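Let's take a walk through this structure together, one region at a time. Have the sequence and the 3D view ready.

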Amino acid sequence: MPKYAIAIASRVIKQIWRDHRTLGLIFIVPVVVMTLIGYSLPDRTLLNSVAPALIAMMALFMSFLLTGISFLRERSQGTMERLMASPVSQLDIVLGYLLGFMVFALIQTLIIFFFTVQVFEVPYRGELWQILIFQIAIVVGSVTLGIFTSTFARNEFQMVQFIPLVIMPQVFLGGVLWPVDQMNGFLQSVSQLLPMTYAVEGLRNIMLAGQSLGDVAQDLLYLIGFAAFMSVLAALTIRRGVNA
């Protein structure tokens, strides 16, 4: 573990924890969104089959948005410039922010999952701890994607514009709304590059088919590899974000 990563993560956690309005929204928004989705379905039993895809999508979307906006705020407040002027390495910064943001992204993901399965009584066949570990892999990839993407935005408005550019292709091509194999060949090839495809497939196989992490190892390894790749890209572009 890089020397200063834990200290940076601790500062990020304390900062968000003291912001009571942001903290409240972190807890409330997932409940409101899943309530709307659950009660808007004409047939509640439909949620049993689409829940894994919805949980994966919401985990990616919430984590990306929380991280992207929060990291951008760090830059706009000059915190990033001060860190870059210190002996702290770029890897320290990326890992520190990754750990700090991941705490709150995981909280939102757990709220989404337990609210969905408890309130709407959505059944699942796989082991709970394996479902949660797989979701951690989704969240880590989403947080690193949010950090990397935010280095290209100069303000919150620009960051929000990245949502349709980055998130919507994941939703439409990642198997959330319809099976990937029903799309044309080119779009199927594109979908194989998207982390959402592996998140939906893996979580669906664990929750609906009762498979283990070993059975979905290919999906899990892709998500871990994606998170590592995004971390490297974020470390390489973080100075660009400060100078922008």
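Start at Val-171, which sits in helix α7, residues 156-173. Helices here are DSSP runs of H or I with at least four residues, strands are runs of E with at least two, and both are numbered from the N terminus. With a relative accessible area of 9%, Val-171 is buried; buried means under 20% relative accessible area, exposed over 50%, and partly exposed in between, computed with a 1.4 Å probe on protein chains only. Its C-alpha atom is 9.5 Å from that of Leu-54, although 117 residues separate Val-171 and Leu-54 along the chain.

A word on the model before going further: it is predicted, so local features need pLDDT of at least 70 and side-chain atom pairs count only at pLDDT 80 or more, while totals for chains, interfaces and linings use all residues. Residues are numbered from 1 along each chain as its sequence is written, and side-chain values use heavy atoms, with hydrogens and water left out.

Now look at helix α6, where you will find Val-143. Val-143 is buried, at 0% relative accessibility. Met-196 and Asp-219 are 23 residues apart in sequence, and their C-alpha atoms lie 9.9 Å apart.

What does the UniProt record say about the chain? Its unreviewed entry lists residues 21-41, 53-72, 93-116, 128-148, 160-180 and 220-238 under "transmembrane region". Positions from UniProt are given in the numbering used here, feature names are shortened, and annotations may be inferred rather than shown by experiment. In the model, residues 21-41 are 95% helix and 0% strand, with 30 Å between the end C-alpha atoms. Residues 128-148 are 100% helix and 0% strand, and their end C-alpha atoms also lie 30 Å apart.

Next, the nonpolar interior. A nonpolar core is a set of buried Ala, Val, Leu, Ile, Met, Phe, Trp, Tyr and Cys residues joined through side-chain atoms within 4.5 Å. The largest such core has 77 residues, and those touching the most other members are Phe-64, Met-80, Ile-93, Tyr-97 and Phe-134. Helix α3 supplies the largest share of this core, 15 residues.

On a 1 Å grid over the protein atoms alone, a pocket is an open set of points where a 1.4 Å probe fits, with protein on both sides within 12 Å along at least five of seven lines, and lining residues have an atom within 4 Å of a point. The volume of the largest pocket is about 330 Å³, where volume means the space filled by probe spheres set on the grid points, which are joined across faces, edges and corners. Which helix gives the most to the lining of this pocket? It is α3, with 7 residues. Among the lining residues are Phe-61, Met-62, Arg-73 and Gln-108. Sorted by class, the lining has 8 nonpolar, 3 polar and 1 charged residues; Ala, Val, Leu, Ile, Met, Phe, Trp, Tyr, Cys and Pro count as nonpolar, Asp, Glu, Lys and Arg as charged, and the others, Gly among them, as polar.

Aromatic rings come next. The whole structure contains 9 aromatic pairs, meaning rings of Phe, Tyr and Trp (its six-membered ring) with centres within 6.5 Å; planes under 30 degrees apart count as stacked, over 60 as edge-to-face and the rest as tilted. Tyr-39 and Phe-120 have ring centres 5.2 Å apart and planes at 65°, so this pair is edge-to-face. Because Tyr-39 lies in helix α2 and Phe-120 in the loop between α5 (90-119) and α6 (128-150), the pair ties together parts 81 residues apart in sequence. Tyr-39 is exposed, at 51% relative accessibility, whereas Phe-120 is buried, at 6%. Ring pairs also link Tyr-39, Phe-115 and Phe-120 into a cluster.

Finish in the loop between α5 and α6, at Glu-121. Glu-121 is exposed, at 66% relative accessibility, and has a positive phi near 50° although it is not a glycine. Most residues other than glycine have a negative phi.
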